[in-house]
Amino acid sequence: MLVKKIGFLSFGHWSASPGSGTRSASDALLQSIDLAVAAEELGADGAYFRVHHFARQLGSPFPLLAAIGARTSRIEIGTAVIDMRYENPLYMAEDAGAADLIAGGRLQLGISRGSPEQVLDGWRYFGYQPQEGQTDADMARAHTQVLLETLDGEGFAQPNPRPMFPNPPGLLRLEPYSPGLRDRIWWGAASQRTAIWAAGLGVNLQSSTLITNESGKPFHLQQAEQIQAFRDAWQQAGHEREPRVSVSRSIFALVDDRDRAYFGRRDPGTDEIGFIDASTQAIFGRTYAAEPEALIQQLKEDEAIQAADTLLLTVPNQLGVDYNAHVIDSILTHVAPALGWR
């Protein structure tokens, strides 16, 4: 197996329901910062956050990412993923550039066409609408193209001949510009087709616990095939750098009574089939929860984890910072070394 970067992925839920340790938006944001700091101290490699709109989850990533960047010094900071149907790509490039500079070039920005949201066509409320004859997915890809071109750092805007402040010569680019950020953009692909499209663009690949069910094979095999299709397309495109690939998983090492109480009574785990819209069948990856020795054997058989260079551990954020730090530490201490990931 590849030596892996291991990070966490939080959806940032908050709820005032009994048992929730994350009861407000303030709790979700401040605890996210604290968990990133704790994860860095434990030796984890990444702190990633899911973005959802119109939901009691994390919705505006850049203030959070900038705050984490200011409180940490080593850990990668990222998203998985930002829904590009909702984004103004130029404003996003400015926000991302600022957050990356604050973090010293540690931003890993996962983006995609998004998944079903809490409201119908929520991007319309943000002022966006597909052009005639296009879908919302087409719109997301168009926004992505603009973002990537902007992050190249080339000037494109005609300067005012009588500016308030002196301009550099030539066309102007957006500022602040962060060199290298363009190579740290990831696309969250749900299918082989979009994985191949992402490879052509020269962006990294994020593959999550939900993908389109394209063959009926077990989830990890379909995901491994998606990763291979991405890498083949990357090589064919002739990009100079090596791409990165991440997968996310719910993995819990049962090492104490808390772990067993929360996760020990769960089914050993199988893939699930469902629908993400009226016409798209998806396959959902299993949850891994077992004593460390059994867990190690189970993870050895997951071909997609083997193929990826980065593993994101989805964490139950409403159980609090201390417990989630324990979940991360258990994998780093009891599982990763035996698998050659450390």
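Select Phe54 first. Phe54 is partly exposed, at a relative accessible area of 42%. Keep in mind that this is a predicted model.

Phe54 and Tyr125 form an edge-to-face pair, because their ring centres are 5.8 Å apart and their planes stand at 70°, where an angle over 60 degrees is needed. Colour the chain around both residues: Phe54 is in the loop between strand S2 (46–49) and helix H2 (61–71), and Tyr125 is in the loop between strand S4 (107–112) and helix H4 (136–151), so the pair ties together parts 71 residues apart in sequence.

Next, select Tyr262 and Tyr323. Their rings make an edge-to-face aromatic pair, with 5.0 Å from centre to centre and 65° between the planes. Tyr262 belongs to helix H7 (residues 257–263) and Tyr323 to helix H10 (residues 321–335), so this pair links distant parts of the chain, 61 residues apart.

Are these two tyrosines buried or exposed? Tyr262 is partly exposed, at 41% relative accessibility. Tyr323 is buried, at 4%.

For the last stop, select Arg141 and Trp197. The charged end of Arg141 sits over the ring of Trp197, 5.8 Å from the ring centre.

Definitions and conventions. Residues numbered from 1 in each chain as written. Predicted model: local features only at pLDDT ≥ 70, side-chain atom pairs only at ≥ 80, totals over all residues. Heavy atoms only, no water. Phe/Tyr/Trp six-rings, centres within 6.5 Å; stacked < 30°, edge-to-face > 60°. Helix = DSSP H or I, 4+ residues; strand = E, 2+ residues; numbered from the N terminus. Buried < 20%, exposed > 50% of the residue type's maximum accessible area, 1.4 Å probe, protein only. Lys NZ or Arg CZ within 6 Å of the ring centre and 35° of its normal.
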